[in-house]
Amino acid sequence: MNDFFDNQRLLEVIWKHRFHFVIVGIIAVILSAFFSSPMFITPKYKSTTKAYPTNLGVMSEESYTEQMLEIINSTDIKLKMFDAFELDKVYKISKDDPKYLTYMLAIYDKHVSTRKTDFETVQITILDKKPERAALMCDSLIHFYNQKVQEMHSEKNWELAKVIKDNIARQTTEQDSLRHLLVNFRDTSRLYDVVLQTPEVTRGYMRSMVEGSSSMQNEKEIKRIYNNLLENGADVHIMERRFESLVVSLNELKVEYDKAISEAEKRITYAMVVEKPLVADDKSYPVRWVIVAFTLISSLFLALLVLLILDYKKK
């Protein structure tokens, strides 16, 4: 068996059957060139675009580039691409097929590739039978990405706005109730500001007790206010402080609500395109010289193997 692959033996077989190798090589080149022609393999054109993610919020530990890749590769965007370009007709997959989505997603993933570059951009590469459609698909993929991120941000901010609005409504109701209680209590108790009235009422009450008052009515009024202050002053003070805190809180909530609405309604881009897709003027698939070279080498090797076996049997 060692003699089978002996170098001297190999050279002798090659030289002896050199014309056979030439014929095999010529036939292999002709056939591979013929079967790799557009008649048998549909040529495909490549279009590439690169973009930086921008205006993205923090969603997880992923970088902005990784977030962009996740969104671009989401099924939602793929389905939008299917509908926008009628890819079922392009890929010749019937929508009535039970495995329609399985086939479509598999073919789509073979024609559309994305990756993160060394400079943190997202590179999108698309192969298609038509160079114009390949370039347009690159643009559309960026457009659908922007649209998807916009929908996600809007949904998040509308939810936030609803929560804030509910809080505003609840605190406004509480504020109205406190206002009503304070107005009624002030009318009956004559306590308008506990902090300011406490020293003055106490001073007046003590003076009336020590010196007396020229007016019995004034003395009774002072005692009444003083007694109200003793009985209800703490509660009124708590209500006043709560009312003031609600005023501050409502102002802050209204600012946050306006900000949430503004964020939900704003329309901005979430990708900066640094390399626009071009319409290719030459096909990228198949690479015919690779097919021809591979076929030629394989054919010559197979021919050599067959001739070695025949020569070995003769001996």
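## Salt bridges and helix packing in a predicted model

Glu 275 and Lys 50 form a salt bridge, in which the closest N and O atoms are 4.0 Å apart. Glu 275 belongs to strand S4 (residues 271-275) and Lys 50 to strand S1 (residues 45-53), so this pair ties together parts that are 225 residues apart in sequence. Glu 275 is partly exposed, at a relative accessible area of 33%. Lys 50 also counts as partly exposed, with 25% relative accessibility. The structure is a predicted model, and the values given throughout are computed from it.

**The chain as a whole**

The secondary structure of the protein chain consists of 10 helices and 4 strands. Read from the N terminus, these elements follow the order α-α-β-α-α-α-α-β-β-α-α-α-β-α. The protein chain has 315 residues, of which 35% are buried. Among contacts with a separation of 6 or more, 79% are between residues 24 or more positions apart.

**Further salt bridges**

In total, the structure holds 12 salt bridges. Side chains of opposite charge can pair when their charged atoms come close. Three of these pairs are set out below, including the one already described.

| Salt bridge | N to O distance |
|---|---|
| Glu 275 and Lys 50 | 4.0 Å |
| Asp 76 and Lys 148 | 2.7 Å |
| Arg 179 and Asp 176 | 2.9 Å |

The side chains of Asp 76 and Lys 148 meet in a salt bridge with an N to O distance of 2.7 Å. Asp 76 is part of helix H4 (residues 75-85) and Lys 148 is part of helix H7 (residues 131-189), so the pair ties together parts that are 72 residues apart in sequence. Lys 148, by contrast, is buried, because its relative accessible area is 17% and buried means under 20%.

Arg 179 counts as partly exposed at 37% relative accessibility, and Asp 176 counts as partly exposed at 40%.

Met 239 is located in helix H9 (residues 216-265). The C-alpha atoms of Met 239 and Arg 179 are 9.0 Å apart in space, while the two residues are 60 residues apart in sequence. Met 239 counts as buried, with 18% relative accessibility.

Gln 175 is likewise placed in helix H7. With a relative accessible area of 9%, Gln 175 is buried. Which residues does Gln 175 touch, not counting residues up to four places away in sequence? They are Phe 243, Leu 246, Val 247 and Leu 250.

Apart from neighbours within four places in sequence, Leu 296 is in contact with Gly 25, Ala 28 and Val 29. Between the C-alpha atoms of Leu 296 and Ile 30 there are 9.6 Å, although these residues are 266 residues apart along the chain.

Leu 305 is partly exposed, with a relative accessible area of 30%. The C-alpha atoms of Leu 305 and Leu 10 are separated by 9.7 Å, and the two residues are 295 residues apart along the chain.

**A nonpolar surface patch**

Ile 23, Ile 27, Leu 31, Phe 34, Phe 35 and Met 39 make a nonpolar surface patch of about 610 Å². One of these residues, Leu 31, is found in helix H2 (residues 18-35). Leu 31 is partly exposed, with a relative accessible area of 43%.

Methods. Residues are numbered from 1 along each chain as its sequence is written. This is a predicted model: local features need pLDDT of at least 70, side-chain atom pairs count only at pLDDT 80 or more; totals for chains, interfaces and linings use all residues. Side-chain values use heavy atoms; hydrogens and water are left out. Patches are made of residues with over 30% relative accessible area and no salt bridge: like charges are joined within 9 Å, nonpolar side chains (Val, Leu, Ile, Met, Phe, Trp, Tyr) within 5 Å. Accessible areas come from the Shrake-Rupley method with a 1.4 Å probe; for residues, only the protein chains shown count as cover. Helices (H or I, at least four residues) and strands (E, at least two) are DSSP runs, numbered from the N terminus. Buried means under 20% relative accessible area, exposed over 50%, partly exposed in between (1.4 Å probe, protein chains only). Contact means heavy atoms within 4.5 Å.
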